[in-house]
Structures are given as C-alpha cells and as structure tokens.
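This report describes the fold, the packing and the open space of one protein chain. It begins with the overall architecture and then turns to a single helix, the nonpolar cores and a pocket.

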Amino acid sequence: AKLFEGLGMLGPLSIVRVNLVELYICTGILRKALALAERTIAQAREVQHPHGIALGLTYRASVLLQLRRYREARQNAGEAKTIMEELGQREDQVHALATLVQLDLIEEQAQQAQEHLLQLQPLLTKHDSEGITPMARAWQAQCFAIQKQRSKALVTLTEGSQQDRRWPYI
C-alpha cells in the first residue's frame with residue numbers, strides 16, 4: 001500500500017486498501033477498517049477515480065454493517081452498486097449486493113432481499129471468487145423463513161448442501 005501510494009497508482013492502491021479493510025473486519029479491528037475505508041473513498045474522490053470510490057464505499061458499507069449503522073451501510077452499498085453498474089464492474093457488484101441482501105434480511109424485508117438476490121445470482125455464476133454462492137442460498141432460505149414458507153426454506157438448504165462443492169468449508 002505504501003509503495004502504490006508513493007507511486008500514485010490509485011487503482012492497485014484502492015484494491016490493496018480494501019483487502020486490508022476486509023482483514024481488519026475479519027479480525028474485529030473495526031475502527032481501523034472504517035478509517036481506512038474512508039481514506040480510500042476520500043483519496044479516490046480527490047483524484048476522481050470512480051472505481052476506487054466504489055470499492056471504498058462497498059467496504060465502508062461492510063464495516064458499517066458490522067457496527068449496526070444500517071442506514072449508512074445501505075446508502076454506501078447502494079451508491080457503490082450504482083457506480084459499479086455504470087463502470088460495468090460486474091465482479092465488484094457482488095460484494096455490494098451481498099451487503100444489501102444482508103441489510104434487507106436484518107430489516108426483515110424479504111421481498112427486497114429476493115430482488116437483490118435475483119440481481120446477485122447471475123453475477124455469482126462467473127464472479128464468485130469469495131464463496132458467496134452458499135451464503136446466497138442460505139439468504140434465500142432465510143427469505144422463505146421470513147415469509148413463513150418453512151418447507152421452501154428447508155428444500156433450498158437441502159438442495160444447496162448437495163449442489164455446490166467448490167466451497168466445502170462454508
């Protein structure tokens with residue numbers, strides 16, 4: 001990150017920084033994660049680098065989700081998704097959409113979660129580098145459970161456990 005920052009290579013710098021944000025989230029260092037995500041966004045805005053802005057917003061939304069600042073998380077993830085769509089960055093839309101689905105489920109907005117899942121599914125066939133497919137299946141089952149469709153939820157989970165072997169640890 002220091003090397004890319006010194007060279008002014010904002011594209012790789014944004015990616016390195018959001019990877020560090022993700023590491024901070026996984027280790028529970030949320031204050032540093034939030035500060036680094038905000039720094040990524042600010043610097044990308046300063047030099048008008050939309051991909052860096054979207055990456056920063058996506059990972060800032062993830063931190064805010066962990067901090068239970070749901071309104072801000074939704075706003076950040078939604079803005080990131082819009083920017084990624086405009087840029088044609090389909091792979092990077094996955095994380096923003098996944099965050100939106102989680103927020104929908106927290107707020108028990110099953111219909112909205114299903115709409116986001118419908119947008120997410122085609123992206124996962126090609127761009128699932130982080131093993132989100134099994135989680136998306138669980139989120140779909142959760143949607144059914146919220147809607148009091150227990151049998152559909154169970155079928156979704158049962159079929160899912162037999163379908164995808166790419167991510168056996170999830």
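The model is a predicted one. On that basis the protein contains nine helices and zero strands, and its pattern along the sequence reads α-α-α-α-α-α-α-α-α. Of its 170 residues, 44% count as buried. Among contacts with a separation of 6 or more, 56% join residues 24 or more positions apart.

**Helix H3**

Helix H3 comprises 17 residues, 30-46. From its first C-alpha to its last, H3 reaches 24 Å, close to the 24 Å expected at 1.5 Å a residue. Its buried residues are Ala33, Leu34, Leu36, Ala37, Thr40, Ile41 and Ala44. These residues lie on the same side of H3 because they cover an arc of only 170° around the axis. Arg31 and Glu46, on the other side of H3, are exposed. Just after H3, Gln48 adopts a positive phi of about 55°.

In soluble globular proteins, nonpolar side chains tend to be buried together. The largest nonpolar core of this model has 23 residues, and those with the most contacts inside it are Val21, Ile25, Ala33, Ile53, Leu57, Val63 and Ile83. At least two residues of this core come from each of the helices H2, H3, H4, H5 and H6. The greatest contribution is that of H4, with eight residues.

| Core | Residues in core | Residues named |
|---|---|---|
| Largest nonpolar core | 23 residues | Val21, Ile25, Ala33, Ile53, Leu57, Val63 and Ile83, with the most contacts inside it |

Which residues does Val21 contact, leaving aside its neighbours within four places in sequence? They are Ala33, Leu36, Ala37, Tyr59 and Val63. Of these, Ala33, Leu36 and Ala37 are among the buried residues of H3.

**The largest pocket**

The largest pocket holds about 310 Å³ of space. Its lining consists of 15 residues, and Glu22, Ser62, His95, Gln102 and Glu130 lie nearest its centre. The elements that give two or more residues to this lining are H2, H4, H6 and helix H8 (133-146).

Conventions:
Residues are numbered from 1 along each chain as its sequence is written. This is a predicted model: local features need pLDDT of at least 70, side-chain atom pairs count only at pLDDT 80 or more; totals for chains, interfaces and linings use all residues. Side-chain values use heavy atoms; hydrogens and water are left out. Helices (H or I, at least four residues) and strands (E, at least two) are DSSP runs, numbered from the N terminus. The expected span of a helix is 1.5 Å times one less than its number of residues. Buried means under 20% relative accessible area, exposed over 50%, partly exposed in between (1.4 Å probe, protein chains only). The arc is that of the directions from the helix axis to the C-beta atoms. A nonpolar core is a set of buried Ala, Val, Leu, Ile, Met, Phe, Trp, Tyr and Cys residues joined through side-chain atoms within 4.5 Å. Contact means heavy atoms within 4.5 Å. On a 1 Å grid over the protein atoms alone, a cavity is a set of points where a 1.4 Å probe fits but cannot get out, and a pocket is an open set with protein on both sides within 12 Å along at least five of seven lines; lining residues have an atom within 4 Å of a point. Grid points are joined across faces, edges and corners, and a volume is the space filled by probe spheres set on the points.
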